[in-house]
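Hi,

Here is the structure I promised to pass on. Have a look at it first, and then read my notes below.

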Amino acid sequence: MNDYLYEIMEDYKYAETGQEKEAIFQSFCSSVWNSGNKRRICTKTIRFTVKKNLLSTEVGQIFAKWTEIKYTGYQSTTKETDWCSLIRQKINNLYTIYFDTEVICNKEYLRLLQTPRTLYRRFCTDAGLTPDEIVQSIENALSSAETTKAFCQKQKMNLSWQEYQKVIESILHKIFDRCRLIEEYEDASALGSIYDFMNEDNFYIRYFCRYLSCEMKQWQKKYYGVKSHRTYIRCRRCGGLAEKTNNRMLYCKDCRTIVNREKTKENKYRTYV
């Protein structure tokens, strides 16, 4: 296998037979899947330290209970700079974002988990909060965090790593077939200067990563049966995607039926009561 991605792309484009192209592609995939840059999940911690002079106070003891909030995170970057590690990192990240129910990257979820630290910093600059207000705010925020996490987990699609590999390989095949060589861009005077500052491998790595992101969004639409050109909403009940038909739409078709049935039962119950 070539050390440089641009050489692989050139070999593929100039290959004379389909068998030759397939051999190059399979060798590329083998390098990606055998990369040492495996997908890594880890425990992360939101920390803060209560000042010693506050530890003996009621407020200090309250904050001391929440100085470490743990949650499940993942390794989203790599120190390696070779094409194989960088493309594999992108593939790893996409699986974590779309399919791994243990890792929630939602900004609101993480903001809620940071509430004890945020309140502590606020208390240190303005001691206007009462102990009861602090406890209530923290408990409400952490409860909301669990609710947010549960809903975000519903939004994840169900696909094993082995099944995901097949999906990724189909996307990679498209990339190999559709990606133009740098020389083709450099022949166009309007595009030539754009890539002057980049080395050849960086051009292809960026192309691969962007294509993978776009294709995964389209694959998600197919997974939920949403047409590629249609806008969508997140169903408030199941978390799946549904084609947006009006601005008041809250649920997918199946969940809307269930919700309407539940409302009908509730209305009948109220009538008899």
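Predicted model: local features only at pLDDT ≥ 70, side-chain atom pairs only at ≥ 80, totals over all residues.

Residues are numbered from 1 along each chain as its sequence is written, and side-chain values use heavy atoms, with hydrogens and water left out.

Let's begin with the rings. A pair of aromatic rings is described by the distance of the centres and the angle of the planes. Here, rings of Phe, Tyr and Trp (its six-membered ring) pair if their centres lie within 6.5 Å; planes under 30 degrees apart are stacked, over 60 edge-to-face, and the rest tilted. The structure has 23 such pairs.

Take Phe25 and Phe176: their planes stand at 85° with the ring centres 5.3 Å apart, so this pair is edge-to-face. It joins distant parts of the chain, as Phe25 sits in helix H2 (residues 18-33) and Phe176 in helix H8 (residues 161-178), 151 residues apart. (Helices, H or I with at least four residues, and strands, E with at least two, are DSSP runs numbered from the N terminus.) Phe25 is buried at 1% relative accessible area, and Phe176 is buried too, at 0%.

Phe28 and Trp83 make a stacked pair, because their planes are at 10° and their centres 5.2 Å apart. This one links helix H2, holding Phe28, with helix H4, holding Trp83, across 55 residues. Phe28 is buried at 0% relative accessibility, and Trp83 is buried at 5%.

What about H4 itself? Its 16 residues reach 23 Å from first C-alpha to last, close to the 22 Å expected at 1.5 Å a residue (the expected span is 1.5 Å times one less than the number of residues). Since 13 of the 16 residues of H4 are buried, the helix is largely enclosed by the rest of the structure.

There is also a cluster linked by ring pairs, with Trp33, Tyr95, Tyr98 and Trp219 among its members.

Finally, Lys21 lies over the face of Tyr12, 4.6 Å from the ring centre; a charge sits over a ring if NZ of Lys or CZ of Arg is within 6 Å of the centre and within 35 degrees of the ring normal.

Cheers

Conventions
Buried < 20%, exposed > 50% of the residue type's maximum accessible area, 1.4 Å probe, protein only.
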